[in-house]
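Visitor: I would like to learn how to read some features of a protein model. Could we start with how helices pack, and go on from there?

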Amino acid sequence: MKPKATFNWSSGKDSALALYKIIKENQFEITSLLTSINKDFQRISMHGVHVSLLEMQAASLGFPLMKMEIPKEPSMEEYQEIMSKTMSEIQSQGVTHSIFGDIFLEDLRKYRENQLQSIGMKAVFPLWKQNTADLIHEFLDLGFKTIVTCVNETYLDKSFAGRIIDKDFINDLPENVDPCGENGEFHTFTFDGPIFKNPIAFVIGETVMKTYPNPKSSENDENGEYIFWFCDLIEK
């Protein structure tokens, strides 16, 4: 009997490639896709994708979707409480592992491992320490299709939002930007590929600017804010 696992699904390319590898290896029974949602806007945290498109993704992938709703600006204590409650509920269903698409952020991995260890669960990282340039080319070669839904203006300008990731996109990235956006430079929505039963139909809406407080303002802009550009995707 294979161990049961929940898959932390962001809707983007790293999640899609990690899920592809997990399905191919056939070592776990995936019981659900777990996604953090902004409770006020009903959009995927940081990716900005509306929950209706997320639900279409889950249906096409063939897995139950579990939405973890987070307040607009939660304190660390609030976030920890919601996460703990959610993971305890998942664990009560016999789930022993939690799968992530992280690639090389050591602090994030340690945080995830510690949180899961505290309730007797284990973290799994199918893409860990793999070369990100190789990963993005593997992703495209497999036939996945993904669109950029959010860019951090610290690294990329507005023109990158709403672009389909292809080899031209990769070539246009500045040298200081990771090809998978692993440092938070950009986020994506994957709408087709080998693990989808059918492509997700959408139309591209407007691109809007959002600002967020930056605790390290001296390292960013003079206003002490992070600036992000979000490209809205509308269910077709």
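Guide: Helix axes are lines fitted to C-alpha atoms over the stretch in contact, and angles run from 0 to 180 degrees between N-to-C directions. Two packed helices are described by the angle between their axes and the distance between the axes. Keep in mind that this is a predicted model.

Visitor: How close do the axes of α1 and α5 come, and at what angle do they cross?

Guide: The axes of α1 (residues 13-25) and α5 (residues 132-141) come within 11 Å, and the crossing angle is roughly 75°. Angles of 65 to 115 degrees count as roughly perpendicular, and α1 and α5 are therefore roughly perpendicular to each other.

Visitor: Which residues of α1 and α5 meet?

Guide: From α1 they are Lys13, Ala16, Leu17 and Lys21, and from α5 Leu135, Ile136, Glu138 and Phe139. This contact of α1 with α5 divides into 5 nonpolar, no polar and 3 charged residues.

Visitor: Where is Asp134, and is it buried or exposed?

Guide: Asp134 is in helix α5. Asp134 has a relative accessible area of 52% and is exposed, because exposed means over 50%. Its C-alpha atom is separated by 26 Å from that of Ser45, 89 residues apart from Asp134 along the chain.

Visitor: What span should α3 have, given its number of residues?

Guide: Helix α3 holds 16 residues (76-91), so at 1.5 Å a residue it should span 22 Å. The C-alpha atoms at its ends are 22 Å apart, which agrees.

Visitor: Which residues of α3 are buried, and which are exposed?

Guide: Met83, Thr86, Met87 and Ile90 are buried. They cover an arc of only 95° around the axis, which puts them on the same side of α3. Glu77, Glu81 and Lys85 are exposed on the other side of α3. The cover over the buried residues of α3 includes the strands β1 (4-8), β2 (29-38), β4 (65-70) and β5 (95-99), as well as helix α4 (106-117).

Visitor: How many residues of α2 are buried?

Guide: In α2 (residues 51-61), 8 of the 11 residues are buried, so the helix is mostly covered, given that buried means under 20% relative accessible area. Among them are Val51, Leu53, Leu54, Gln57 and Leu61.

Visitor: What does Ser11 touch, and where is its place?

Guide: Ser11 lies in the loop between β1 and α1. Its relative accessibility is 0%, so Ser11 counts as buried. Leaving out residues up to four places away in sequence, Ser11 touches Ile44, His47, Val49, Gln57, Thr188, Phe189 and Thr190.

Visitor: Which residues have a positive phi?

Guide: Most residues other than glycine have a negative phi. Asn26 is not a glycine, yet has a positive phi of about 55°. Asn26 is in the loop between α1 and β2, and is partly exposed, with a relative accessible area of 46%. Lys129, also a residue other than glycine, has a positive phi near 65°.

Visitor: Where is Lys129 found, and what does Lys129 touch?

Guide: Lys129 is in the loop between β6 (122-124) and α5. Not counting residues up to four places away in sequence, Lys129 touches Ile103, Phe104 and Glu106. The C-alpha atoms of Lys129 and Ala58 are separated by 27 Å, and the two residues are 71 residues apart along the chain.

Conventions
Residues numbered from 1 in each chain as written. Predicted model: local features only at pLDDT ≥ 70, side-chain atom pairs only at ≥ 80, totals over all residues. Heavy atoms only, no water. Helix = DSSP H or I, 4+ residues; strand = E, 2+ residues; numbered from the N terminus. Expected span 1.5 Å × (residues − 1). Buried < 20%, exposed > 50% of the residue type's maximum accessible area, 1.4 Å probe, protein only. Arc of directions from axis to C-beta. Contact = heavy atoms within 4.5 Å. Parallel < 35°, antiparallel > 145°, perpendicular 65-115°, else oblique. Nonpolar A, V, L, I, M, F, W, Y, C, P; charged D, E, K, R; others polar.
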